[in-house]
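I set out to record, entry by entry, what I looked up in this structure. The sequence and coordinates come before the notes.

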Amino acid sequence: MNTIIPESKISLRNLNKSFGNKIILNNINLTIQKGESIAIIGESGTGKSVLLKCIIGLVQPDSGSLSIDGKEISMMTHKERTMLNSRFGVLFQGGALFDSLTIWENISFGLLQEKKLNKKNAKEKAIQIMSEVELDASVSNSYPSELSGGMQKRVALARAIATEPEILVFDEPTTGLDPITSNVINDLIIKSVRVLGATAISVSHDISSVKKIADSVAMLHEGRFVWQGSADKIEKSQNDYVTNFINGVSNNQSLPSSRP
Ligand SMILES: Nc1ncnc2c1ncn2[C@@H]1O[C@H](COP(=O)(O)OP(=O)(O)O)[C@@H](O)[C@H]1O
Ligand SMILES: [Mg+2]
């Protein structure tokens with residue numbers, strides 16, 4: 001099919017990525033509409049983070065097409081790619097805060113780098129964003145190691161939204177958090193996506209989080225999408241991979257003949 005869907009924000013066509021002789025992404029196809037919030041689910045090690053890194057430009061696909069707003073990434077100049085990067089807000093798996101920078105410096109990193117704000121304005125803006133993610137301004141001069149895991153996730157979220165990006169990418173935003181803190185982070189994610197009117201791509205293991213934050217879900221297994229559907233239908237999917245994933249059963253053990 002060569003149909004071009006003009007309103008699609010991100011489009012992956014026959015995307016491939018291997019590391020050595022290990023195939024990670026095997027002819028992936030995915031369309032994400034503008035304003036859509038999609039969750040990518042799948043077992044550990046299936047390539048969810050690699051997929052996100054292809055989209056944000058940290059990993060180079062081997063072949064296939066990846067376009068954003070209808071523009072093919074591989075055809076972009078370095079300058080165009082740099083400009084595109086500033087339209088992404090990313091919460092990396094594990095938070096990945098800069099240990100040696102204070103909380104406000106972490107949050108305003110993109111503001112200083114990309115938006116060229118001066119330090120005073122960047123700090124003011126960082127403190128304003130801290131209040132949006134319900135972080136007390138009193139920790140603005142603290143270092144990440146001085147904060148709890150839940151507070152660190154708030155900082156990571158604040159950093160992701162600081163530049164008011166069009167596309168938000170969340171890699172396991174609630175992994176390692178207790179259910180109450182997870183809920184708070186999910187609510188903040190929903191609020192941030194709504195306020196920015198952003199397109200959001202989240203990776204999550206947690207089905208209750210997926211149902212909360214995403215409109216649609218795509219399940220990755222052995223390099224391919226094995227199910228796609230709306231988030232509120234996930235428990236009625238009648239797809240063995242999805243059912244096993246929800247029940248915490250390894251798809252590799254339970255579906256040995258699933259691959260030719
Ligand atoms: N830079 C890299 N070099 C080599 N192998 C990698 C690299 N990044 C990821 N991988 C491998 O790709 C596979 C998928 O990784 P990842 O996308 O992180 O999985 P997950 O679905 O848990 O996020 C893993 O086997 C991982 O070891
Ligand atoms: Mg990952």
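**Entry 1: confidence.** I noted at the outset that this is a predicted model. I looked up the mean pLDDT of the protein, which is 88, with 93% of the residues reaching 70 or more. I then turned to residues 256-260, where the pLDDT is below 50. Beyond near neighbours in sequence, this stretch has five contacts in the model.

**Entry 2: magnesium ion.** Which protein atoms are donors of the magnesium ion (ligand 2)? I found Ser49 (OG) and Gln93 (OE1), at 2.1 to 2.3 Å from the ion. I located Ser49 in helix α1 (residues 48-56) and Gln93 in the loop between β6 (88-91) and α3, so the pair ties together parts that are 44 residues apart in sequence. I also checked accessibility: Ser49 counts as buried at 18%, whereas Gln93 is partly exposed at 44%.

**Entry 3: helix α5.** I took residues 119-132, the 14 residues of α5, and compared the span with expectation. From first C-alpha to last, α5 reaches 20 Å, close to the 20 Å expected at 1.5 Å a residue. Which residues of α5 are buried? I listed Ala122, Lys125, Ala126, Ile129 and Met130. These residues cover an arc of only 150 degrees around the axis, which puts them on the same side of α5. The general rule I had in mind is that an α-helix has 3.6 residues a turn, so residues three or four places apart point the same way. I found that the cover over the buried residues of α5 includes α3 (103-107), α4 (109-113) and α6 (149-161).

I then examined both ends. At the start of α5, a side-chain oxygen of Asn118 comes to within 3.2 Å of the backbone nitrogen of Lys120. Just after α5, Glu134 has a positive phi of about 55 degrees.

**Entry 4: Thr199.** I placed Thr199 in strand β8 (residues 199-203). Thr199 is buried, with a relative accessible area of 1%. Leaving aside neighbours within four places in sequence, I found Thr199 in contact with residues including Lys9, Ile32, Gly35, Glu166 and Leu168. I also noted that Thr199 and Ile38, 161 residues apart in sequence, are 8.3 Å apart in space, C-alpha to C-alpha.

**Entry 5: Gly70.** I looked up Gly70 in the loop between β4 (63-68) and β5 (71-72). Gly70 is exposed, with a relative accessible area of 68%. The C-alpha atoms of Gly70 and Ser8 are separated by 7.3 Å, although the two residues are 62 residues apart along the chain.

Conventions:
Residues numbered from 1 in each chain as written. Chains lettered and ligands numbered in written order. Predicted model: local features only at pLDDT ≥ 70, side-chain atom pairs only at ≥ 80, totals over all residues. Heavy atoms only, no water. Helix = DSSP H or I, 4+ residues; strand = E, 2+ residues; numbered from the N terminus. Expected span 1.5 Å × (residues − 1). Buried < 20%, exposed > 50% of the residue type's maximum accessible area, 1.4 Å probe, protein only. Arc of directions from axis to C-beta. Contact = heavy atoms within 4.5 Å. Polar contact = N/O pair within 3.5 Å; in protein donor to acceptor, adjacent residues only side chain to side chain. pLDDT = per-residue confidence, 0-100. Donors = N, O, S within 2.8 Å, 3.2 Å for Na, K, Ca; no water.
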